[in-house]
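Hi,

Here is the structure I promised to send over. Have a look first, and my notes follow below.

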Amino acid sequence: MKLTDEQQKTLRAAVDRIIPSDDYPGAWQAGVGDYLAQQFEKDLLPFFDTYCTGLASLEAESRKQFEQSFSSLSDEQKDAILNQVEAGDVVATWTVSPQNFFKLLINTTAEGFYSEPQQGGNREGVSWAMIGFDSI
Amino acid sequence: MSNYDAIIIGTGAAGGIVAGVLAEAGKNVLLLERGPALSFSEVGRDHLRNQRLSIYGHNAGPDLEGNPRVFVDPQGKVQTVRPHQPHYHNNAACVGGGTRVYGAQAWRFLPVDFRMASTYGVPEGSSLSDWPIAYDDLEPFYERAEWELGVAGDGSALQDKLPRQRGYPLPAVNSSPQTVALRRGAAQLGWSTNPVPLLINTKPYGGREACIGCKYCVGFACPTDAKNGSHNTMIPRALATGLCTLQTGAIVNSIETDTHGTVTGVSYIVQAPHGTEVKKATAKIVVVSAGAIESARLLLNSRSSHHPNGLGNENDQVGRNLQGHLYPRAYGLMREKVFTGIGPGVTIATTQFNHGNPDLIGGGMLADDFIKPPIDFWYDSLPPDLPRWGLANKQFMRDNYTRVLHVRGPVQDISSPKARVTIDHDVLDRWAIPVARLSGTTHPETVRAAEFMQRRGEEWLRASGCEKVWSYSPGLVLSGGQHQAGTCRMGNDPKTSVTDKWGRVHSHDNLFVIDGSLHVTNGGFNPVLTIMALAFRSADYLVQNRL
């Protein structure tokens with residue numbers, strides 16, 4: 001199962017606020033998108049519709065509040081919306097529970113970022129190097 | 001149909017040992033296991049699908065498809081759950097059972113753990129009871145389990161509480177920076193500590209290599225076979241005699257009885273070239289060692305006109321008193337790194353609060369933890385006031401994965417007869433066998449003890465130099481999981497127990513339960529060494545008196 005280009009853009013913008021880049025790569029650069037793409041074919045298949053609907057709703061939320069696509073918002077604006085979604089305090093009409101979608105989004109982002117590279121994310125073990133999982 | 005001296009159902013901590021003892025005594029044994037034998041690479045290192053963190057699956061069974069259970073929550077809501085989902089109370093389904101992938105803490109129960117009711121009285125609503133045996137009855141078999149499988153520990157520790165005739169065969173695991181910090185903290189509080197005993201080869205032992213200090217004990221298999229379970233000790237010994245037939249992929253659907261109601265053997269299902277095949281085997285003795293949930297399920301599902309409520313269930317006792325452990329857990333932030341990356345990770349414990357706590361029944365042990373894979377840490381160990389996302393979350397992980405001290409431990413379960421396994425006849429597994437239905441919770445006294453231990457954990461971390469401390473306690477839930485026990489407890493009175501002190505089902509001369517189901521109480525410790533000791537003891541009894 002594949003996201004549309006627009007959903008993919010929204011996803012990328014969202015996961016990069018969930019795990020932003022600093023001295024270390026953010027979620028997208030670390031491969032969270034690849035992790036999710038793999039998972040949409042197997043374990044996350046039952047949640048694929050929730051994902052699509054959630055991303056579309058996030059996009060609608062952005063257009064309603066800022067009249068712009070979510071991916072073109074400033075970091076502060078993105079965070080403001082994500083905070084509202086997390087709290088369920090949304091303005092647009094959501095057909096999935098915003099809180100449930102947000103929980104799914106942050107959990108699966110963390111899974112892609114912190115689990116082993118064979119899962120598709122955590123490219124070259126970048127998160128493990130960051131936290132010291134490999135140190136002796 | 002084949003005839004055996006004994007048929008043993010389940011190859012876990014108990015079943016593997018019973019098979020080994022019987023076969024080495026010259027008995028013909030059929031050993032049945034529902035799962036496969038799994039190699040190291042088949043168990044793998046999947047951080048999201050293992051027996052410690054099973055978000056999307058398991059690495060040691062059972063299969064996610066075709067093995068449902070039914071769970072009834074405290075509000076009465078009924079749900080059908082799959083093996084990797086919350087509330088399933090899974091244990092591994094493979095040769096070795098849970099021992100294939102366990103952390104392998106090898107604790108003895110304390111003498112007072114066998115006398116809970118007479119020590120504390122029985123709170124209202126609890127089925128708390130004394131064991132029909134004492135620590136001294138089990139002591140030689142604890143020693144035997146420690147030496148035959150291989151346990152690393154400090155034999156001079158805990159002599160005042162846990163008298164032992166012989167030390168451990170292997171030296172305790174090495175200390176790490178967290179050990180040093182926690183030992184210092186405990187000393188400041190006046191608490192005693194000791195190394196955590198582990199079924200892990202700190203040196204080569206039993207023909208197997210030593211631990212290489214990898215980061216994957218709980219939930220995974222050992223790369224050097226240095227973690228000692230039934231799969232690499234007693235089962236190979238059983239097979240080496242040529243007298244033990246191990247049948248994997250064997251699903252026992254019932255224990256068979258004759259027209260008089262006497263147990264004659266078992267009926268089991270195996271994969272055949274075109275579908276499945278039902279096989280039957282007879283034996284002088286049938287031993288049920290399938291773990292507390294599946295053992296109870298099998299007895300309850302083995303119904304006939306003689307036993308309309310299942311075998312051994314004349315007094316409605318089979319499946320009751322399901323118990324495991326509530327695990328309070330505390331975390332603290334150290335100024336310095338305490339993480340070395342050298343496994344197993346668990347090193348130091350205190351048994352200061354297992355008993356003797358004012359106004360509490362029992363208590364529990366506290367220890368540091370096995371190394372957690374980063375995603376496990378992210379799910380389990382972050383402070384409640386930390387945002388779950390954003391730069392703050394990432395930077396906490398970056399700065400503190402190696403600086404967080406972990407303390408957790410099992411709290412003695414105060415048993416409730418309402419915490420139980422029954423059968424749901426409307427939900428069938430892949431083989432059309434009605435599944436286990438789990439309901440009830442532990443007794444509220446267990447929760448009080450867990451909250452007390454949670455505060456002791458925090459106290460320990462503060463004294464050890466943590467700048468910030470946070471903690472969690474599980475609340476009033478059903479305890480079971482990988483420490484599941486109690487569902488066919490032993491006792492002298494058939495009205496309040498299922499088996500006698502040897503594991504013989506009261507109403508059946510040749511039917512035995514030998515596994516954690518027998519535990520009258522489950523101690524404030526990881527229960528596996530007690531399961532193993534009971535298995536050695538009952539197996540000896542079978543050899544000397546029954547076969």
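Starting with chain A: 41% of its 136 residues count as buried (buried means 20 or more other C-beta atoms within 10 Å of the residue's own, exposed 12 or fewer, partly exposed in between, with C-beta atoms placed from the backbone).

Before going on, some housekeeping: this is a predicted model, where local features need pLDDT of at least 70 and side-chain atom pairs count only at pLDDT 80 or more, while totals for chains, interfaces and linings use all residues. Residues are numbered from 1 along each chain as its sequence is written, and chains are lettered from A and ligands numbered from 1 in the order in which they are written.

Chain A has six helices and zero strands (DSSP runs numbered from the N terminus: helices are H or I, at least four residues; strands are E, at least two). Its C-alpha trace spans about 50 × 30 × 25 Å along the principal axes.

In chain B, β7 (residues 251-257) and β8 (residues 263-272) run antiparallel, joined by six bridges (strands pair if DSSP finds at least two bridges between them). B:Glu256 sits opposite B:Gly265 in β8(B). Five residues lie between these strands in the hairpin, where B:Gly261 has a positive phi near 90 degrees.

β8(B) also runs antiparallel to β9 (residues 275-288), with eight bridges; two residues separate the two strands in their hairpin. There, B:Tyr268 has B:Lys279 in β9(B) as its bridge partner.

Lastly, B:Thr402 is in the loop between α9 (391-400) and β13 (404-408) of chain B. B:Thr402 is partly exposed, because 18 other C-beta atoms lie within 10 Å.

Cheers
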